[in-house]
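Trainee: I have not read this structure before. Could we go through it one feature at a time?
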Amino acid sequence: MKKNIKGFTTRCIHDGELIDYKYKGAVSPLYISTAYDYLEVEDHKYPRYFNTPNQLALSKKISSLENCEKSLIFGSGIAAIFASMFSFLKSGDHVVFQSSLYGGTINLILKEFKKFNIEHSLVESLEIDDYKKEIKSNTKLIYIETPSNPLLQIIDLELVADLAKKNDLISIIDNTFASPINQNPANYGIDIIIHSATKYLGGHSDILAGTISSSKILIDKILESSINYGGNLSEHTVWLLERSIKTLSLRVKAQNTNALKIAEFLNGNENIKSVYYPGLKSHPQHELAKKQMYGFGGMLSFLLKDEKKSDTFTRYLKIIKPAMSLGGVESTITSPSLTSHSKISKEKREKFGISDGLLRFSVGIEDYDDLENDLTKAFQKI
Ligand SMILES: *Cc1c(COP(=O)(O)O)cnc(C)c1O
C-alpha cells in the first residue's frame with residue numbers, strides 16, 4: 001500500500017497529469033498517434049499495449065486514487081472484469097464468487113466459464129466461513145462486489161483479503177458502486193480492484209470504460225494477456241475520462257449527501273416497503289460499511305408497498321429519469337429485473353433477492369429539494 005498525503009480532490013485534478021512542456025497549456029495534451037518511433041522511444045508504444053502517453057497518465061491518476069502501484073484502462077467495465085479473471089485462469093480452475101454481483105458479471109460466469117471448463121461457486125451469504133467452505137484445491141480466485149448491485153450488501157474486505165492470502169488465492173473486487181472516493185479496498189489487502197468507469201469515474205453518462213488497479217506484479221501479468229485480448233480504451237476517450245475524473249471527488253461527495261437524505265426520506269414514507277442503503281442505521285451491515293467506507297455512496301434501492309406500481313411510479317417522475325446504467329451527475333432510476341439482471345432467469349433473480357418490483361436509484365447531484373419534490377409528486381399520483 002502506498003501512502004498518499006494529498007487529498008482526494010487534489011489527486012483527482014492533478015495526479016498523473018501530462019505536462020505540456022511545449023506550449024505550457026494547463027491541461028494534458030492528447031496524443032492520438034498509433035505509430036511511434038521504435039528506435040528513439042524505449043518501450044514500443046502502441047495503444048493496444050496500454051502504454052501510450054495518455055493511457056499511462058490516466059492510469060497513474062487511477063492508481064493514486066486506489067492506492068495501488070499500477071492500473072490499466074479498458075474499453076468497458078466488462079472487458080476489465082474479463083481480463084482480471086482470464087489472465088489468471090486456465091481450464092480446470094475454480095473461482096469463488098459472491099452471488100450478489102452485477103448482472104453482466106453473472107452472465108459472463110454462467111455463459112462463458114463452461115466453454116473453458118472453468119468451475120465456479122456462487123456464495124449467497126456474506127459470512128466469510130461460507131466462502132472458506134467453497135475453496136477447493138483448484139480454486140484460484142475469490143471475487144466480490146461491495147456494496148453489491150442492486151441490493152447494496154456489504155462484505156468484510158479485510159476478512160476476504162485474509163482468506164485469499166491464507167489460501168494462496170487472488171482476491172478481486174468490483175469497486176464500481178463505491179468509487180475510489182468512498183472505498184479503497186487495497187488498504188484492506190484486496191489484490192485487484194476493478195471499476196466500470198462508465199459509472200462514477202466517467203460520471204456524465206457519456207463514456208464506456210473500465211479500469212483494473214493492482215500491484216506491479218499482478219498488473220504486468222494482466223497486461224501480458226490483455227495485449228492478446230485487445231481491450232484497451234481509445235485515446236480520445238482516455239482523455240475525456242481524465243477530464244471527468246477531475247470532478248470525481250466533488251461529484252461523489254455531493255451524491256453521498258443527497259443519497260443519505262433520500263434514503264432517510266424514503267425510509268419514513270408510507271408508500272415504501274423497504275429501503276436498501278448502507279448509510280441507514282437499519283441496514284444490516286451499517287457498522288461494517290462505516291468501518292470500511294469513507295462515505296456510503298450514491299446508490300440505493302427500494303421496494304414500493306405495492307410492488308406492481310413500480311413502473312407507473314417511475315413514469316410519473318420528471319427529474320429522475322428512467323435509465324439503465326448509473327453514477328452520472330443526473331439522477332436515474334431503473335428496474336434491475338428489466339435491465340441489469342434481465343438476462344438472469346426470474347427464478348435465479350428471486351433467489352438472489354431481486355424481486356420484479358425492486359427499483360434501483362442512482363442519486364445525482366441535483367439540488368436535494370428538487371429530488372424530494374419529484375418523488376413526492378410521483379407518490380401522490382400512484
Ligand atoms: C456497469 C457495471 C459493470 C459493467 O461495466 P460496463 O462498463 O458496462 O462494461 C460492472 N460492474 C458493475 C458494478 C457495474 O455497475
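Mentor: Start with serine 362, which counts as buried because its relative accessibility is 1%. As a general idea, buried means under 20% relative accessible area, exposed means over 50%, and partly exposed lies in between (1.4 Å probe, protein chains only). This is a predicted model, in which local features need pLDDT of at least 70, side-chain atom pairs count only at pLDDT 80 or more, and totals for chains, interfaces and linings use all residues. Residues are numbered from 1 along each chain as its sequence is written, and side-chain values use heavy atoms, with hydrogens and water left out.

Trainee: Which residues does serine 362 touch?
Mentor: Contact means heavy atoms within 4.5 Å. Leaving aside residues up to four places away in sequence, serine 362 touches Tyr200, Gly298, Met299, Leu326, Gly327, Gly328, Glu330, Ser331 and Thr332. Serine 362 itself lies in strand E12, residues 359-362. Strands (E, at least two residues) and helices (H or I, at least four) are DSSP runs, numbered from the N terminus.

Trainee: Is asparagine 256 buried or exposed?
Mentor: Asparagine 256 counts as buried, at 14% relative accessibility. Its place is in helix H10, residues 248-267. Not counting residues up to four places away in sequence, asparagine 256 touches Asn182, Tyr277, Gly295, Phe296, Gly297 and Gly298.

Trainee: Which domains does the assignment give?
Mentor: Domain bounds come from an automatic or database domain assignment. Here the assignment gives domain 1 (8-245) and domain 2 (248-381). In the contact between them, 47 residues come from domain 1 and 43 residues from domain 2. The C-alpha centres of domain 1 and domain 2 are 25 Å apart.

Trainee: What area is buried between domain 1 and domain 2?
Mentor: Buried area is the accessible area (1.4 Å probe) that two parts lose on being put together, summed over both. Between domain 1 and domain 2 it is about 3,600 Å², and carbon and sulfur atoms give 60% of this.

Trainee: How many residue pairs are in polar contact between domain 1 and domain 2?
Mentor: A polar contact is a pair of N or O atoms within 3.5 Å; within protein, one must be able to donate a hydrogen and the other to accept it, and residues adjacent in sequence count only if both atoms are side-chain atoms. The count between domain 1 and domain 2 is 19 residue pairs, both residues at pLDDT 80 or more. On the side of domain 1 that touches domain 2, at least two residues each come from helix H1 (8-14), helix H4 (103-112), helix H6 (157-166), helix H7 (179-182) and helix H9 (235-245). H4 gives the largest share of that side, 5 residues.

Trainee: How many salt bridges are there between domain 1 and domain 2?
Mentor: A salt bridge is a side-chain nitrogen of Lys or Arg within 4 Å of a carboxyl oxygen of Asp or Glu. There are 2 salt bridges between domain 1 and domain 2. The structure holds 16 salt bridges. Among them is the pair of lysine 291 and glutamate 158, with the closest N and O atoms 3.6 Å apart.

Trainee: Why are glutamate 287 and lysine 290 separated by about one helical turn?
Mentor: They are separated by about one helical turn because they are 3 residues apart in helix H11 (residues 286-292). Glutamate 287 and lysine 290 form a salt bridge, the closest N and O atoms being 3.6 Å apart. Glutamate 287 is exposed, with a relative accessible area of 55%, while lysine 290 is partly exposed at 46%.

Trainee: Which residues are joined by cis peptide bonds?
Mentor: Threonine 146 and proline 147 are joined by a cis peptide bond, with omega about -5°. The peptide bond from asparagine 149 to proline 150 is also cis, and its omega is near 5°. Proline 147 lies in the loop between strand E4 (139-145) and H6, and proline 150 lies in the loop between E4 and H6.

Trainee: What is the phi of aspartate 168?
Mentor: Phi of aspartate 168 is near 60°, a positive value in a residue other than glycine. Aspartate 168 sits in the loop between H6 and strand E5 (170-174). At 72% relative accessibility, aspartate 168 counts as exposed.
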